[in-house]
Amino acid sequence: MSTAERDVPLARGPKIAQGKGDSEMSANAEVSAVRSPESEYVGPPKDMFLDPAWFERDLEAIFRPRWMFAGHVDEISESGRYITFSLGDDQVLILRDQHGDVRAFHNVCAHRGARLCQSETGRIGRRIVCPYHAWTYSPADGRLLSAHSMHDDFDMKPWGLHQVHAEVWQGLIFVCLANDRPTPISEQFAGHEHLGGYNFNDTKIAAVQTTVVEANWKVVIENDKECYHCPSNHPELIAVQDWRDHGTPAESFETIMRDGASGLRNVTVTEDQGRLNTVGNNSVCRLPLSRADSNPEPASFALSWWPGLTLGLARDYAKILAPKPLNAGQTEARVYWFVHKDAEERRDYELDEVTAFWRATYAQDRDICENVYKGMKSRAYTPGPLNRIYQSGQAAFYAWYMTEIRRHFPELVDGATPGE
């Protein structure tokens, strides 16, 4: 490891100077107090966005220890159907076995390392067969069932597939690549199962869109968590909502950041009257999502979970955004749209109308993120301050991120815990 790598500091949480009138600031007030550059919170240094070595640390500290959203049960609705999920150099094979259970294994033959299933989705038979030497495995538990023509004293028992932790919550499939199984995903989402009163299990996938954004994953998440950029970049969005509704009182900035650093804000929920956004706020599906209650005017519901899932539900449809890092400079952004399980395309909805708003918005976000990432590479760039009114969510996210990095790599970072 080079001296440069060892000495990269972690951006510190600011000791905010409480100037005259700070306590009187509100979300709509102009911040007039003069603040020194050192007192402004700017998030991580730019090396943590650009350096491939830091990307590997992100995988180790942020992604591998945690449940990652990998797909939906609709995608493996029948026995033998499979999908794959990749993170770094690892690829997970996720399938439904002959008993209907969801299983997950490293997509690697125990013999010489060949990829077992080479397509991202597909179907297997009663056995998983390696395309190299035709070793075969059980889809139910990964046991090696056959290794043809091996020597007589070969013991097959130790050579099964490596299992991957997998859980299903509300039809969403999560996998974890850590050695030890983390806290069950249901416990991590405890208290949020109501999903605003919607029966998410009564939905089906209407469409899936996968886009590669030429930017670091933190840029993508930061952009998704704020609307400070909306008036300049999202005409469809500001036509149907007031971007200023996403603000918080400036004096709450430090508290929100401390909550983020402690992990208290890694699951956030918002509920608002009205629809999940559509073009012109028009209805896009004749058959509304089913509900567990009889609320005649249901609110929209959004659940955001770090580092990789945002789920939104409203009367007409539901949506998921799932960003996933590919490398230091590329992020996969996968979007799912859901409608009522009994809704029929062209009878109850037109697919273009269901997807139009977020296809446009995320295309705009892609351009923004790619432009930001290009600029970050400039020698002239150093991170600027986060807006204390309209970017407190980003401050919380970065405080959490830096706490996790420090937990795994204390020898590489310095500074106080963010928000102290």
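Reader: Which residues of helix α9 do V219, V220, N223 and D224 in α5 meet?
Author: Helices (H or I, at least four residues) and strands (E, at least two) are DSSP runs numbered from the N terminus, and contact means heavy atoms within 4.5 Å. By that criterion, V219, V220, N223 and D224 in α5 meet these residues of α9: Y362, D365, I368, C369, V372, Y373 and M376.

Reader: At what pLDDT do side-chain atom pairs count in this predicted model?
Author: Residues are numbered from 1 along each chain as its sequence is written, and side-chain values use heavy atoms, with hydrogens and water left out. The model is predicted: totals for chains, interfaces and linings use all residues, local features need pLDDT of at least 70, and side-chain atom pairs count only at pLDDT 80 or more.

Reader: Are α5 and α9 parallel or oblique to each other?
Author: Axes are lines fitted to C-alpha atoms, for helices over the stretch in contact, with angles from 0 to 180 degrees between N-to-C directions. The axes of α5 (residues 217-224) and α9 (residues 351-376) come within 10 Å and cross at roughly 130 degrees. Angles under 35 degrees count as roughly parallel, over 145 as roughly antiparallel, 65 to 115 as roughly perpendicular and the rest as oblique. The two helices are therefore oblique.

Reader: How many residues of α10 are buried?
Author: Buried means under 20% relative accessible area, exposed over 50% and partly exposed in between (1.4 Å probe, protein chains only). Helix α10 (residues 392-408) is largely enclosed by the rest of the structure, because the buried residues number 14 of the 17.

Reader: Is E332 buried or exposed?
Author: E332 lies in strand β16 (residues 330-340). Beyond its neighbours within four places in sequence, E332 is in contact with T210, T211, A322, P323, K324 and L326. At 15% relative accessibility, E332 counts as buried.

Reader: What is the omega of the peptide bond from W306 to P307?
Author: Most peptide bonds are trans. P307 lies in the loop between β13 (299-305) and β14 (309-313). The bond from W306 to P307 is cis, with omega near 10 degrees.

Reader: What is the relative accessible area of Q170?
Author: Q170 lies in the loop between β9 (165-169) and β10 (172-176). Its phi is positive, near 55 degrees, in a residue other than glycine. Q170 is buried, with a relative accessible area of 18%.
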